[in-house]
Amino acid sequence: MAEFAAVGGIGVLVNLAVFNLVRNSTELPVVRCSMIATAVAIIFNYIGFRYFTYRDRDKTRPPREFTLFLVFSTAGLVIENGLLYVATYGFDWDTPLQNNIFKFLGIGMASLFRFWSYRSWVFRAVPAAARPAAAPADGGEAGDIAVAPGVQIPGSRRKPREAKEPEEPEEPEAQEEAVAARR
């Protein structure tokens, strides 16, 4: 959640900065300025979420992921700008301060929806079967991959384990049975 908040926080600043820049430098209606700013923030947020917040999530279907991201981002855009639209045209609250307050409140409402939808549908967790074992039985570190005794994986931190020979029975008859069992 902290990484989502970090990317989202910067996204909010991008959204508000672009909104005020477009609003003050053009004659476009306030909601159209807000939609442009939201679109810029959506692009920024996708990059931040994919490569920072959810970098460890499933990456096997990028077109599906991007399409879902756009669908849920568009729903967030409607939530965010719907609130601004109602405040501006429904209640005639159209000063720069009021626009920024309702833009900010709309971003907050849309962010709650986006957090849930991105985590649940867009950036899905890697299936448990595809993840490395949590902790090896031999006391290795979490995330280590179990390998055959004596095998060294290039770049790994651990030294290979020595293969243990099974103990030989002391009785001659049992020794012959053990040798036969190994063949």
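Ser 34 is in contact (heavy atoms within 4.5 Å) with Asn 15, Phe 19, Glu 80, Asn 81, Leu 84 and Lys 103, leaving aside its neighbours within four places in sequence. The residue lies in helix H2, where helices (H or I, at least four residues) are DSSP runs numbered from the N terminus. Ser 34 has a relative accessible area of 0% and is therefore buried; buried means under 20% relative accessible area, exposed over 50% and partly exposed in between, with a 1.4 Å probe and protein chains only. The model is predicted, so that local features need pLDDT of at least 70 and side-chain atom pairs count only at pLDDT 80 or more, while totals for chains, interfaces and linings use all residues. Residues are numbered from 1 along each chain as its sequence is written, and side-chain values use heavy atoms, with hydrogens and water left out.

The charged end of Lys 103 sits over the ring of Phe 19, 5.5 Å from its centre; the criterion is NZ of Lys or CZ of Arg within 6 Å of the ring centre and within 35 degrees of the ring normal. Lys 103 is among the buried residues of H4, which also include Asn 99, Phe 102, Gly 106, Ile 107, Ala 110, Arg 114, Ser 117, Tyr 118 and Val 122. The buried residues of H4 pack against H1, H2 and H3.

A nonpolar core is a set of buried Ala, Val, Leu, Ile, Met, Phe, Trp, Tyr and Cys residues joined through side-chain atoms within 4.5 Å. The largest such core has 13 residues, and those with the most contacts inside it are Phe 49, Tyr 54, Phe 69, Tyr 118, Val 122 and Phe 123. Helix H1 (2–25), H2, H3 and helix H4 (96–122) each supply at least two residues of this core, and the largest share, four residues, comes from H3. Tyr 118 touches Phe 4, Phe 49, Tyr 54, Phe 69, Phe 72, Ser 73 and Phe 123, residues up to four places away in sequence not being counted. Another core, of ten residues, lies apart from the largest one and has Val 18, Val 30, Val 31 and Ala 87 among its members.

Rings of Phe, Tyr and Trp (its six-membered ring) pair if their centres lie within 6.5 Å; planes under 30 degrees apart count as stacked, over 60 as edge-to-face and the rest as tilted. The count comes to seven aromatic pairs. Tyr 46 and Phe 66 form an edge-to-face pair because their ring centres are 5.0 Å apart and their planes at 80°. This pair links distant parts of the chain, with Tyr 46 in helix H2 (residues 30–53) and Phe 66 in helix H3 (residues 62–90), 20 residues apart. Tyr 46 is buried at 14% relative accessibility, whereas Phe 66 is partly exposed at 38%. Tyr 85 and Tyr 89 form a tilted pair, 4.9 Å centre to centre with 55° between the planes; both lie in helix H3, four residues apart, about one turn of the helix. Tyr 46, Phe 66 and Phe 69 form one aromatic cluster.
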